[in-house]
Amino acid sequence: MIDKRVTSFEQALAGIEDGSTILVSGFGNAGSPIELLEALVDQGARDLTVVSNNAGEGEFGLAALMRAGRVRKIICSYPITSGSVVVDELHAAGKIELEVAPQGTISERMRAAAAGIGGFYTRTSAGTRLGEGKETREFDGHPHVLERPLKGDVALLRAKTGDRWGNLVYNMTARNFGPTVAMAADLTIAQVDETVDAGELDPEIIVTPGIFVDRVLRVPRRA
Amino acid sequence: MGLDRNQIAWRIAQDIADGSYVNLGIGMPELVADYIPEGREIVFHSENGLLGMGPKPPKDREDHDLMNAGKKPVTLVPGGAYFHHTDSFLMIRGGHLDLCVLGAYQISEAGDLANWATDSDKRLPAVGGAMDLAAGTPRVVAMTTHCARDGTPKLLGECTFPLTAAGVVDRVYTDLAVVDVTPAGFVAREIVDGMTLDELRDRTGARLTAAENPGILKAPALGHAAG
C-alpha cells in the first residue's frame, strides 16, 4: 500500500545529504515551507546549494537555515526583500555564494530538468550582464542564450492539502513555485496544512499529481 | 508644468485597449490600474501566478497567500485564475500578454531598457522578473520621469546602466512627453502644455524629432484620488 504521509520532521527530512541541491517553493513567504526549512537545521545537512526565488527574510525559514551556516550557495532572482538581513550579512562577510538569474529562467530551467530536456534557448537575458558568457544563437532575428536544466536532489515545498498518494492542491498565489520544484527533484517533500485519504481530493482539481511527490507532512498553518 | 506620477499613470491607462492582458511592473506602474477608463475590462497579470488581479483588500480581509509581485496583499476579480510559476512565466516569455508597463532608469533610442541595476547600487543584485517581461512581452512601454532627480536625462543615445533587455521598448511615457521608439530614434507624440520641442530636447540625451502634429500631453488634476 502506498502511503506517502509521514508524521515527523525526522521522517520527512531523512536521508538529505551534505552537498545537496535543494529546490525551495515560495514567493516571499507565500508558499514557503518555513517549518521544513527550520527542521532542516536540526537534520544537520550542510554545504547545501539552495534554489529559491528570494533569499529569506527575518531570522526564520530559509534565513534560519542560512544563519546556521548550512547554505554554501543560493541561486535566486530577487534576494532583496524587506528584512532580508541574513543574506546581506553573509554575502558581505563572504560566507555565501550568490547567483542571481531571471525569475522565468530559474523556473524554466527547473521545468526542463523535470521534462528531460537537455537545454533550451531563450531571449531572456540575451545582450545583458546576466547573459554574458552563455552560448548565444540567433533565431528569427533575435539573439537567444542557452540555458541548461536545473535539477534538485531534494525539493521542499508547501501546499494546502496532500493525500495518501501524494497528490497536492495549493492555496491561491501560495502555489507559485510548488508544482515546478515538485517535478524537478529526486526527492520531493511537501508540508501541507492538512492530509486526507486517497480519493478525497477531486481528481479534476489536483495540481501536482502524486508521482512527483515522495513525502507529505502535515504542519498546521501558522496564524 | 509636468505631470505627476498619478497623471502619467492616467495617461498610460487611456491607451490600454479593452480586453488587454497587462502586467504592471512593481512600483510606479502599479498606479495605472487605478485609472482604467470606465467600461474597459483589462485583465491584470501578476508574475507570482495570478490573472485577474484586483485592488488591495480591506485590512481585515488580507490573506498572505494572495499577494502581488511586490508581495503586497491583493484580491482576485470574478473570472480570475491562479496558476503556477512556470505557466506564469510561459505567459510572459511566450508573448501571451499584450502589454507590460515597466519603470525605467534609462531608455536608449534603440529601445534598450535599463531598469534593474545601477553600478552605484550598494544592495545585492536583484532582477526578479524584469528581464523576462522586457524580453518576452510583445509591447513594452516605460513609465518614468523624463529626467532623474539630479536633472540627468533618462532618454539617451545609449544606456550607461546594465541592460534589462536590448531593443524592446516601444513607447516612453514621462511627466513631459509621450515618446515613441522608432527605427529613426525617439519621436515625440505629445509634449506637455507650455513646453517647446527645443526645451524637451534640452532634457533628452539623444536625438529627438517630433511627430507631424504632436499633441499636447495633458491629464486631469487627480488630487488624492489614487489609492
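Phe27(A), Met172(A) and Thr173(A) supply 21% of the area that chain A buries against chain B, more than any other three residues. This is a predicted model, in which local features need pLDDT of at least 70, side-chain atom pairs count only at pLDDT 80 or more, and totals for chains, interfaces and linings use all residues. Residues are numbered from 1 along each chain as its sequence is written.

**The interface**

- The contact (heavy atoms within 4.5 Å) takes 43 residues from chain A and 35 residues from chain B.
- Between chain A and chain B there are 3 salt bridges, each a side-chain nitrogen of Lys or Arg within 4 Å of a carboxyl oxygen of Asp or Glu.
- Asp65(B) forms a salt bridge with Arg221(A), with the closest N and O atoms 3.5 Å apart.

**The sheet**

- Chain A has an open sheet of 3 strands in the order 6-8-7, with antiparallel pairing; strands are DSSP runs (E, at least two residues) numbered from the N terminus, and two strands pair if DSSP finds at least two bridges between them.
- Strand 6 (120-122) and strand 7 (136-139) of chain A stand at the edges with a single partner strand each, so one side of each has no neighbour in the sheet.
- Strand 7 and strand 8 (residues 142-147) of chain A pair in the antiparallel sense over 4 bridges.
- Phe139(A) has His142(A), in strand 8 of chain A, as its bridge partner.

Definitions and conventions
Chains lettered and ligands numbered in written order. Heavy atoms only, no water. Buried area = accessible area lost by both parts, 1.4 Å probe.
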